[in-house]
Amino acid sequence: MNGPELNLTEIGWTPEFEQAAQEVRLGAPGLTLQPGRVAGVGRNTATLWTQDGPQESVFAGTLRQADVTPVVGDWVLAEAVPDAPLRVHAVLPRRTQLARAVQSGMQLLSANVDVVLVMTAPDGDIDEARLSRYLEAVRAGGARAALLLNKVDLTRRPEAVLAQLRALDPAVPVLPLRAKEGEGVAEVRALIGPGETAALIGSSGMGKSTLTNALLGREVAQTGEVGATREGRHTTTARTLYRLPGGGVLVDNPGLRDIEVWRDDAAAGFEDIEALAADCRFRKCTHGSEPGCAVQRAVSRGQLSEERVEAYRAAQGFATERQKPRRRK
């Protein structure tokens, strides 16, 4: 942080969060609760960005009893305690979340993210099925996505690789990038609006820390040397929140080898399609090429977009045309 005071609007505070905070305060008379954004999390502690700058905090017993664990990007309400860290009493409702499925259930990676920047590179990292899972996880959490092709100079066919990435989802922007040289960084920055939060994810060694430093205009994230294979080395070991010049926030995540999509309620947000599906000829219709599909009939009539149906099918776990295994000739 550059100074003791911080404009919360620049790091994502909105009227909706203020309204939620007021409701919490009404239910906690006698407590003076101030907002803070979680920039780092320990076992029962968190570093908060508050209007007075960064401060350390501990979790109140009621928060631990409720089994609510703040994550990076969360907005919380905390009480000032004399000669002690702030005491976090509540986590405000999350607008969006970035999560993945793990053996024990759901692992929440970060919260209140507006755009997720999925970074890949042409040096053996491009796996269409894995990248599709990244995009699906972003959609499931409510954020928008962008694909970044870093180290674009490592391929002799950059346009072909970019076209390959665009085919994964035509609605997702795809940007070529040479983060180390600064090429394409301004275009990435333009994806992050004032007060918005971006999360940077992808495999280890793709150059996420290099891009973080380029976006911030200073060296804050450690970067690894490039080996003989021209592959970077993993350097980020914990989720870190950074303030962007001009407003906005960036979450730099450790490398993710892969991601399994967490589906809490696959039908949420697709109530219109669910209603149409009740008229399909087959009870287990996947709304692809089956005869008598009421959903596809609505698409042919212009009542429903193909993109929306594909998003619904992805949320349900149905294979799309791009994801179906190809038959061997």
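Me: How many strands does the open sheet have, and in what order do they run?

Reply: In this predicted model, the open sheet has six strands, ordered β10-β9-β8-β11-β13-β12, and their pairing is mixed.

Me: What makes β10 and β12 the edge strands?

Reply: Each of them, β10 and β12 (240-243), pairs on one side only. Pairing takes at least two bridges between two strands, and an edge strand has that on a single side.

Me: By how much are neighbouring strands of this sheet turned against each other?

Reply: The average is 25°, with direction ignored.

Me: How do you know that β8 and β11 pair?

Reply: Count the bridges. The cut-off is at least two, and β8 and β11 (residues 197-202) have five, in the parallel sense. So they count as a pair. If you want a spot to look at, methionine 119 stands opposite glycine 202 in β11.

Me: Which residues of helix α4 are buried?

Reply: Val161, Leu162 and Leu165 are buried in α4, which covers residues 158-166.

Me: Why do you say that the buried residues line one face of α4?

Reply: Look down the axis of α4: its buried residues fall within an arc of 100°, so they line one face. As a rule, an α-helix has 3.6 residues a turn, so residues three or four places apart point the same way.

Me: What covers the buried residues of α4?

Reply: The cover includes β8 (115-120), α3 (128-141), β9 (144-149) and β10 (174-176). Three of those names, β10, β9 and β8, are also in the strand order of the open sheet.

Me: Let's turn to charges. How many salt bridges does a search of the whole structure find?

Reply: Nine.

Me: What makes the contact of aspartate 114 and arginine 95 a salt bridge?

Reply: Their side chains meet at 3.0 Å, N to O. The cut-off is 4 Å between a side-chain nitrogen of Lys or Arg and a carboxyl oxygen of Asp or Glu, so this pair passes. In general, side chains of opposite charge can pair when their charged atoms come close.

Me: Where in the chain are these two partners, aspartate 114 and arginine 95?

Reply: They sit in distant parts, 19 residues apart. Aspartate 114 is in the loop between β7 (105-111) and β8, while arginine 95 is in the loop between β5 (86-91) and β6 (97-102).

Me: What about aspartate 169 and arginine 139: how far apart are N and O in their salt bridge?

Reply: The distance is 2.9 Å. This pair also links distant parts of the chain: aspartate 169 is in the loop between α4 and β10, and arginine 139 is in helix α3, 30 residues apart. Aspartate 169 has 15% relative accessible area, so it is buried, whereas arginine 139, at 36%, is partly exposed.

Me: Which salt bridges share partners in one network?

Reply: Those that join Asp153, Arg178, Glu181 and Glu183. One of the bridges is between glutamate 183 and arginine 178, with the closest N and O atoms 3.0 Å apart. Glutamate 183 is partly exposed at 43%, and arginine 178 is partly exposed at 21%.

Me: Which residues does the UniProt annotation "binding site" cover?

Reply: According to the unreviewed UniProt entry, Cys280, Cys285, His287 and Cys293.

Me: Where are cysteine 280 and cysteine 293?

Reply: Cysteine 280 is in the loop between α7 (271-277) and α8 (294-300), and that loop also holds cysteine 293.

Me: Why do cysteine 280 and cysteine 293 count as buried?

Reply: The limit is under 20%. Cysteine 280 has 11% and cysteine 293 has 5%, so both are buried.

Me: Which residues does cysteine 293 touch, not counting those up to four places away in sequence?

Reply: Cys280, Cys285 and His287. Cysteine 280, counted that way, touches Cys285, His287, Gly292, Cys293, Ala294 and Val295.

Me: Is glycine 292 buried or partly exposed?

Reply: Glycine 292 has 25%, so it is partly exposed. Its C-alpha atom is 5.9 Å from that of cysteine 280, twelve residues apart along the chain.

Terms used: Residues are numbered from 1 along each chain as its sequence is written. This is a predicted model: local features need pLDDT of at least 70, side-chain atom pairs count only at pLDDT 80 or more; totals for chains, interfaces and linings use all residues. Side-chain values use heavy atoms; hydrogens and water are left out. Buried means under 20% relative accessible area, exposed over 50%, partly exposed in between (1.4 Å probe, protein chains only). Helices (H or I, at least four residues) and strands (E, at least two) are DSSP runs, numbered from the N terminus. The arc is that of the directions from the helix axis to the C-beta atoms. Contact means heavy atoms within 4.5 Å. UniProt positions are given in the numbering used here, feature names are shortened, and annotations may be inferred rather than shown by experiment. Axes are lines fitted to C-alpha atoms, for helices over the stretch in contact, and angles run from 0 to 180 degrees between N-to-C directions.
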